[in-house]
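Here is a short briefing on one protein chain. Look over the sequence and the model, then read on.

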Amino acid sequence: MGRRGRLVLKIFAWAVCLAPLAALAWWIGRALWLHTDDLGANPISFITNHLGDWTFRLLLASLAMTPLRIVFGWGWPLLLRRLLGLFAFTYAVLHFSVWILVDHFFNWGQMAEDVVKRPYITVGMLALLTLIPLALTSTTGMIKRLGARRWTRLHRLVYLTGVLAALHFLWLAKVGRTDQYIYVAVLAALLGVRVVEWARRLVRRAGKIPPPRPATPP
Ligand code: HEM
């Protein structure tokens, strides 16, 4: 892909990642000034859920880039992996900030109680914590400093983030709801492609190792 193609791709990705924030700002503005009910009966819950949904979607999108390369042989998805991951982190921080600021307004005791007592909050918190080292080491400088091997090993943490995010959603989803299973199925497929690729590589590597020599008779 040429320089222009890469630029267009990045601009498109930025627009897609920022659109949910722009939509949210638009709905909040309309609700405040025009008294519309764009935010529904429970605006705080609406905002938290909107940000949570987009955190998970962008996390899945960033996890989809490597499988796209594996399955179709495309190179361009890798150009977007870091951008999508960093946007997932940004949405996670915003999602978490609403919980701190609006749900609990810095009541640390109440927050700690929430983290301990509600399993979906515990795993949500863990998911956010796993994203922090990934975001901090996402720069080219950090990749160089850590070395490609250690960096790759560290960034496998994102698979755990995916699993924790799935548990968070499964745990909090209300009875009668089914969309959480779609997210879980997508995550399973994305991790599954990696497992298959890893197994294939292992088999290929094993094929290259010469078979053990037959024991020589004494
Ligand atoms: C990577 C991290 C996280 C992801 C991917 C994530 C994702 C989600 C998703 C998908 C939802 C449900 C949205 C819906 O119902 O449509 C949600 C709801 C929620 N999340 Fe998270 N979350 C994360 C971290 C956190 C953290 C750290 C907290 C707070 C400590 C948190 C608190 C909540 C709460 C309170 C709700 C329910 C809101 C309501 O029903 O009113 N989440 N999250």
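Axes are lines fitted to C-alpha atoms, for helices over the stretch in contact, and angles run from 0 to 180 degrees between N-to-C directions. This is a predicted model: local features need pLDDT of at least 70, side-chain atom pairs count only at pLDDT 80 or more, and totals for chains, interfaces and linings use all residues. Residues are numbered from 1 along each chain as its sequence is written.

**Overall build**
- The protein chain has nine helices and zero strands. Helices (H or I, at least four residues) and strands (E, at least two) are DSSP runs, numbered from the N terminus.
- The radius of gyration, taken over C-alpha atoms, is 22 Å for the protein chain, well over the 17 Å that the globule rule gives for 218 residues, so the chain is more spread out than a compact globule. That rule is 2.2 Å times the number of residues to the power 0.38.
- Along the principal axes, the C-alpha atoms fill a box of roughly 90 × 50 × 40 Å.

**Helix 1 and helix 3**
- The axes of helix 1 (residues 3-33) and helix 3 (residues 77-103) come within 11 Å and cross at roughly 20 degrees.
- That makes helix 1 roughly parallel to helix 3 (angles under 35 degrees count as roughly parallel).
- Helix 1 brings Arg6, Leu9, Lys10, Ala13 and Cys17 to the contact, and helix 3 brings Leu79, Leu80, Leu83 and Phe87. Two residues are in contact if their C-beta atoms, placed from the backbone, lie within 7 Å.

**Contacts along the chain**
- Among contacts between residues at least 6 apart in sequence, 65% join residues at least 24 apart.

Notes
Angles under 35 degrees count as roughly parallel, over 145 as roughly antiparallel, 65 to 115 as roughly perpendicular and the rest as oblique.
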